[in-house]
Structure formats: C-alpha cells, structure tokens
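I opened this model to look up its helix packing, its sheet and a few loop residues. My notes follow in the order I made them.

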Amino acid sequence: EENEALRAVAACLENEKLRLQEQNLRLRGELARHREEQAGLQERLANIEDESRQFSARYAEVEQENSNLANLYVASYRLHGTVERREALAVIQEIVANLIGSEELAVFEMNPEGSALSLVGSFGIEPERHRTVLVGSGVIGRAVLSGETYVSNGGHAQAGLPQEADLTACIPLKLDDRVTGAIALFRLLPQKAGFEAVDRELFDLLATHAATALYCSGLHARLLAGTAAPA
C-alpha cells in the first residue's frame, strides 16, 4: 500500500513536472516574443528619433535661411534708404561688422580715368597706407581689374602689397557691369572662423547695392554743391 501510494505521488510529481516544463516552454516562448517586440519597438524608436533629429536640423536650416533672407533684405533696404555719403558709408561698415564679421575695412571709389582707386571710407585700419591703389597693382588692384571678388583661402593675401598682408576679401563694386570701386576686408573678428555661404550672398549684395548707394550719394552731394554755388 505504501508503494502504491509512493507510485501515485511519483506519478503526480511527474505530471506536475511535465506541466511545469510545458509552462516553462510557454513562458520562454512568450519571453522570446516580448523580446522580439521590444527589439522592434526599440528600432521604431530609433527611427523616430532619427527622423526627429532630421526634422530639427531641417527646421534649424529653414530658420537660418529665413534669418539670412531677413538680414539681406534689411541690408539692401538700409543701403537704399539714404542719399547722404556719410550715412551710406556707415551702413556699409555696419553690414560688414555685424553680418560678415570684420571691423577692419576700406571703401574705395574709382577715379574718372579708371586708373586708380581712392579711399573714401575706412574703419580699423591706417588710412594713409591705403590712400590710393593703382588698378592692377596688388590683390585689390587685380580684383578690381578682373571684376571678380577675391577671397583668401588661408587668411592671408597671396602675392599682395605689404599693406595687404591681412586682407581676407576684396569686393569690386559694380554699376551696370562697370567697376566703380571696391570694399576691402582685412582681419575677421576672433569668433569668425571663415566665410560662409551667406557671406558670399552679402558680397554679391554689396557689389551692386553698395555701388548704387555710393553713386547716388555722390550724385546728391554734387547736386547740393551745384545748388549752393553762386550764380
């Protein structure tokens, strides 16, 4: 009777063992499924985070583009908002300092013969060293002769005059495709590592709009002088 009882207990234990094994297999299957679902969710989360970063980067680009367009519009508007020579030069200086990032610049106008540039405005440099620039001489003279904007690749002008050692850019000013002057930029601000795409757009804006502003201010000054002259 005891043996029969033990065999019954053993059979019950065996059945319980089989039940537990089946339950263990089922739980392992559920665990594997949950892990697979978790891996899928993690992959989806990673994709969503990647898309979010892309959207954030694109949003930042759009915001920067809008800011650049606004700056270009304001700069253009201010250049055409005055006919006073001093104010026009001050606006050019503010654009170069605040939007481009240089507080060392020289503004030149072409003489009537088209043979030399004369300094009409400057900031942060020694004016006497840049009073006159012959067309074709040095980096500034060659840029004016070619009509192409010069941008230094290494931060220093190559094959230039001694006073052009810190020249970083030279923008020929054009009116009806005729060079009427130039804006020379020297050392950049410490926080300015180099020129960017928006700086190139500002160069193009200055090339035409600054030329027009200086021409109009000069014409206005001559008209005032003619009006004030005795009959």
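**Entry 1: the loop between β5 and β6.** I started with D176, which is exposed at a relative accessible area of 75%. Exposed means over 50% relative accessible area, buried under 20%, and partly exposed in between, with a 1.4 Å probe and protein chains only. D176 sits in the loop between β5 and β6. Its phi is near 55°, a positive value in a residue other than glycine. D177 lies in the loop between β5 and β6. D177 is not a glycine, yet its phi is positive, about 65°. D177 counts as exposed, at 77% relative accessibility. The hairpin of β5 and β6 has two residues between the strands.

**Entry 2: ground rules.** This is a predicted model, in which local features need pLDDT of at least 70 and side-chain atom pairs count only at pLDDT 80 or more, while totals for chains, interfaces and linings use all residues. Residues are numbered from 1 along each chain as its sequence is written, and side-chain values use heavy atoms, with hydrogens and water left out. Helices (H or I, at least four residues) and strands (E, at least two) are DSSP runs, numbered from the N terminus.

**Entry 3: the sheet.** In what order do the six strands of the open sheet lie? I read β3-β2-β1-β6-β5-β4, with antiparallel pairing. Two strands pair if DSSP finds at least two bridges between them. The edge strands are β3 (132–134) and β4 (150–151), each pairing on one side only.

I then went through the bridges.
- β2 (residues 116–123) runs antiparallel to β3, and three bridges join them. A116 has L134 as its bridge partner in β3.
- β4 and β5 run antiparallel and are joined by two bridges. Y150 has C170 as its bridge partner in β5.
- β5 and β6 pair in the antiparallel sense over seven bridges. K174 has V179 as its bridge partner in β6.

Is β5 (residues 169–175) mostly covered or mostly open? It is mostly covered, with six of its seven residues buried.

**Entry 4: the helices.** I took the axes of α1 (residues 2–79) and α2 (residues 85–100) next: they come within 9 Å and cross at roughly 165°. That makes α1 roughly antiparallel to α2. Axes are lines fitted to C-alpha atoms, for helices over the stretch in contact, and angles run from 0 to 180 degrees between N-to-C directions. Over 145 degrees counts as roughly antiparallel, under 35 as roughly parallel, 65 to 115 as roughly perpendicular and the rest as oblique.

Which residues meet? From α1 I listed N71, A75, R78 and L79; from α2, E87, V91, I92, E94, I95 and L99. Contact means heavy atoms within 4.5 Å. The residues of this contact divide into six nonpolar, one polar and three charged.

I also checked α2 against the sheet. α2 lies across β1 (105–110), β2 and β6 (178–185), and runs at about 135° to β1.

**Entry 5: G124.** Where is G124? I found G124 in the loop between β2 and β3. G124 is exposed, with a relative accessible area of 53%. Leaving aside neighbours within four places in sequence, G124 is in contact with E103 and E104. G124 and E104 are 20 residues apart in sequence, but 4.5 Å apart in space, C-alpha to C-alpha.

How values were computed
Nonpolar A, V, L, I, M, F, W, Y, C, P; charged D, E, K, R; others polar.
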